[in-house]
Amino acid sequence: MPGRRLSRLAARFWRDDRGAFGIIFAVMAIVIVALAGSAVDFTGLEQARNRAQVALDAASLALQPSIYTATAASIQTQAQTLLTNELSSGGMSWANCANNGQKAPCAAVQTPVPDIVNGQLTLAATIKVPMYFVSLVGIPTISASVVSAATRKKLALEVAMVLDNSGSMATGFGSGSRMSVLQASAKCAANILFYNVTSCSASTAGITPNAQVKIGLVPFTMEVNVGTANANASWMDRSGTSTDSITADNFDSDDYDGDIFTGPVDRISLFNGISYNGSPLSWGGCVEARKAPYDVNDTQPDPSTPDTMFTPLFAPDEPGSTNSPGSGVTTNGDKFYNSYIADTGPTCNKEPVVVYTQQKTQCSKAATDSTSYSNSCTGTTTNSYVETDQTGATSTISSLPSSIFNNPLPSTPSNTSYSYASTNNGYTNTRVQTYTYIFSNREYQERLCKYNGAVMKYAPNVGSAYGPNSDCPANAVQPLTNEPSDVMAAISAMSAQGGTNITEGTAWGWRVLSPTPPFTEGTAYDGATSKVMIVMTDGENTAYQYSNMNDAQFYSAYGFPWNSTEHSRPANTRIGTPTWSTTQLDTEMNNRLATVCTNAKAEGITIYTIGIATSQTSNPSANQALLTNCATDSSKAYFPTTATDLQNAFVSIANQLSALRLAQ
């Protein structure tokens with residue numbers, strides 16, 4: 001019976017369709033709830049997307065100025081932080097999708113698209129938002145995309161042309177010289193920038209120059225001429241304070257080379273003590289490199305930190321009688337090329353001397369020479385010594401001193417004389433020997449006194465390696481200006497002379513662009529101004545070593561490789577690691593160039609480099625690599641081999657720069 005009842009109940013359940021609606025309703029209820037709740041989910045999605053759009057817009061506006069200096073990866077990282085922080089400020093914690101396994105809520109900024117030419121930064125991002133109702137039907141998250149573009153062209157352009165004026169620029173190049181081709185090419189580039197023309201042949205007649213464009217010029221050789229008008233500038237070290245080891249370097253005031261002179265000395269005033277053809281000399285406008293690390297940065301000069309100040313260049317007179325420009329003179333075994341005045345000026349102390357008098361009695365012969373003086377003398381011998389020091393003070397001493405004020409006893413007397421007198425016992429013979437304790441070559445070089453009333457025999461041509469303005473380029477820095485005529489005149493004034501120091505030229509190119517002293521024509525570093533440096537050279541950093549006490553043939557912006565304040569080798573610590581050999585100096589100059597380029601680029605300065613005739617340098621591949629690495633990127637390094645290539649390089653750069661500003 002029980003089995004039969006169960007069978008009947010099952011049959012009734014099978015025939016009864018009233019329960020189907022409940023099952024259907026249960027299934028449909030999920031869908032209905034999901035559909036009804038989707039409005040809530042999608043409202044939340046839209047709110048999140050709107051907030052993401054606002055956050056991304058803010059990020060693109062904030063980061064747009066950085067497109068000229070920062071990498072895309074850096075911009076992406078900053079944009080990601082700004083986006084997730086802004087989204088999380090609404091009370092819900094948002095993560096970077098790339099870091100949390102795509103778990104919602106998260107956001108991911110895609111690779112930015114910077115457009116430097118048009119000044120635009122495009123950012124795109126994807127957000128993932130959790131679904132609370134739609135997830136009931138298998139859709140746990142929904143993604144949305146947002147895009148933002150911020151455009152702001154740089155309205156102003158500042159360009160520093162750093163141009164090699166070394167002697168090799170006189171070399172033939174096409175139908176002219178390297179210098180003449182450079183001048184034509186630089187003028188063409190300036191016209192393109194000032195007048196918005198596109199080629200060298202385009203006429204600029206009737207076109208108003210763009211006032212938003214400024215160009216400066218830095219001609220360089222082994223030094224840079226900052227302009228004689230800056231002799232009394234606040235950033236120039238005229239005081240020669242004792243804490244400044246550069247200004248006092250290679251000078252001395254006490255006729256003693258065993259100590260280190262600490263100043264003070266006013267280098268510019270030293271020029272006035274020297275005359276040529278009756279007229280006093282004047283400072284040529286060049287300065288020496290600051291001590292490391294200030295030689296490769298733009299630290300503002302501050303008198304309280306003397307090493308940040310700029311020292312007027314004064315190439316000391318080297319030992320020896322004055323020699324004609326370009327010829328060397330040998331003194332005490334050393335050869336020197338820049339001996340332009342006498343070592344003993346009218347106000348200088350004399351060298352110390354000792355007069356040694358010896359008298360012999362009862363001699364058989366009268367003393368007329370060294371042989372007859374000492375012949376058959378049987379009487380007494382007396383010796384006397386009278387010293388006259390460098391100040392003129394005399395004293396009687398007991399014997400010949402081995403040195404006087406660091407000046408050694410000479411091996412032979414500078415003068416010897418003999419005399420005799422007849423006596424009842426023969427002759428009394430007298431020998432007088434004068435020993436001059438001559439100053440060392442270093443002391444002759446360092447003496448400040450010799451510049452008082454000094455007279456130059458040969459013309460101190462500015463720009464030559466002769467005289468106190470040794471190798472100072474004749475034409476000075478042209479600060480940033482929006483006057484095309486000033487730039488053209490400065491380019492026309494350039495001439496080929498002297499050696500090559502690309503590092504100093506580049507450092508001063510940066511200082512011309514900087515808004516802080518020494519030159520203040522540059523605007524502030526901001527997104528509204530493009531700051532560009534064009535560095536052009538036909539050579540390589542070169543130190544001219546020579547086997548004399550200075551280890552150099554010529555004076556340079558770093559002084560001598562062996563500067564007197566060092567008094568030991570290795571010596572020159574002005575540019576960092578102590579160096580003194582040619583190889584060491586060349587290498588360190590290249591290291592300094594790499595550093596100054598890196599520092600300038602970090603400030604937002606775009607650098608283009610142009611190297612001509614690099615195949616003729618001592619190490620072509622290394623020289624090209626140095627200039628390529630100095631440039632902002634490899635596309636901004638040019639190596640022209642013909643005159644046409646050089647002009648095309650300047651035209652290409654100028655046309656690129658024209659795109660960085662709004663045409664007026």
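By salt bridge I mean a side-chain nitrogen of Lys or Arg within 4 Å of a carboxyl oxygen of Asp or Glu. Both residues sit in the loop between strand 10 (224-225) and helix 5 (267-272), 28 residues apart, and the pair links distant parts of the chain. Arginine 238 is partly exposed, at 23% relative accessible area. Aspartate 266 is partly exposed too, at 21%. On the terms: buried is under 20% relative accessible area, exposed is over 50%, and partly exposed lies in between, with a 1.4 Å probe and protein chains only.

Some ground rules. This is a predicted model, where local features need pLDDT of at least 70 and side-chain atom pairs count only at pLDDT 80 or more, while totals for chains, interfaces and linings use all residues. Residues are numbered from 1 along each chain as its sequence is written, and side-chain values use heavy atoms, with hydrogens and water left out.

Now the overall picture. The protein chain has twelve helices and 27 strands. These are DSSP runs numbered from the N terminus: helices are H or I with at least four residues, strands are E with at least two. Of the 664 residues, 48% count as buried. The accessible surface is about 28,500 Å², and 53% of that belongs to carbon and sulfur atoms. Areas come from the Shrake-Rupley method with a 1.4 Å probe; for residues, only the protein chains shown count as cover. Take contacts between residues at least 6 apart in sequence: 69% of them join residues at least 24 apart. Contact here means heavy atoms within 4.5 Å.

Back to charges. How many salt bridges does a search of the whole structure find? Nine. One of them joins aspartate 538 to arginine 178, with the closest N and O atoms 2.7 Å apart. Aspartate 538 lies in the loop between strand 25 (529-537) and helix 10 (582-602), and arginine 178 in helix 4 (residues 178-195), so this pair ties together parts 360 residues apart in sequence. Aspartate 538 is buried, at 5% relative accessibility. Arginine 178 is buried as well, also at 5%.

Another bridge runs from arginine 267 to glutamate 288, at 2.5 Å between the closest N and O atoms. Arginine 267 is in helix 5, and glutamate 288 is in the loop between strand 13 (286-287) and strand 14 (329-331), 21 residues away. Arginine 267 is buried at 1%. Glutamate 288 is buried at 1%.

Next, arginine 290, in the loop between strand 13 and strand 14. The arginine 290 side chain does reach backbone oxygens: tyrosine 294 at 3.1 Å and asparagine 297 at 3.3 Å. Those are polar contacts: N or O atoms within 3.5 Å, where within protein one must be able to donate a hydrogen and the other to accept it, and residues adjacent in sequence count only if both atoms are side-chain atoms. Beyond four places in sequence, the contacts of arginine 290 include Ile246, Asp307, Phe310, Arg511 and Arg574.

Now strand 25. Buried or exposed? Nine of its nine residues are buried. Thr529, Lys531, Met533, Val535 and Thr537 point one way, and Ser530, Val532, Ile534 and Met536 the other. Strand 6 (residues 156-164) runs parallel to strand 25, joined by eight bridges. Leucine 157 stands opposite serine 530 there. Strand 26 (residues 606-611) pairs with strand 25 in the parallel sense over six bridges. Valine 535 has threonine 609 as its bridge partner in strand 26. Pairing requires at least two DSSP bridges between two strands.

Last, an open sheet of three strands: order 12-11-23, mixed pairing. Strand 12 (279-280) and strand 23 (454-455) are at the edges with a single partner strand each, so one side of each is left without a neighbour in the sheet. Strand 11 (residues 274-276) pairs with strand 12 in the antiparallel sense over two bridges. Tyrosine 276 stands opposite serine 279 in strand 12.
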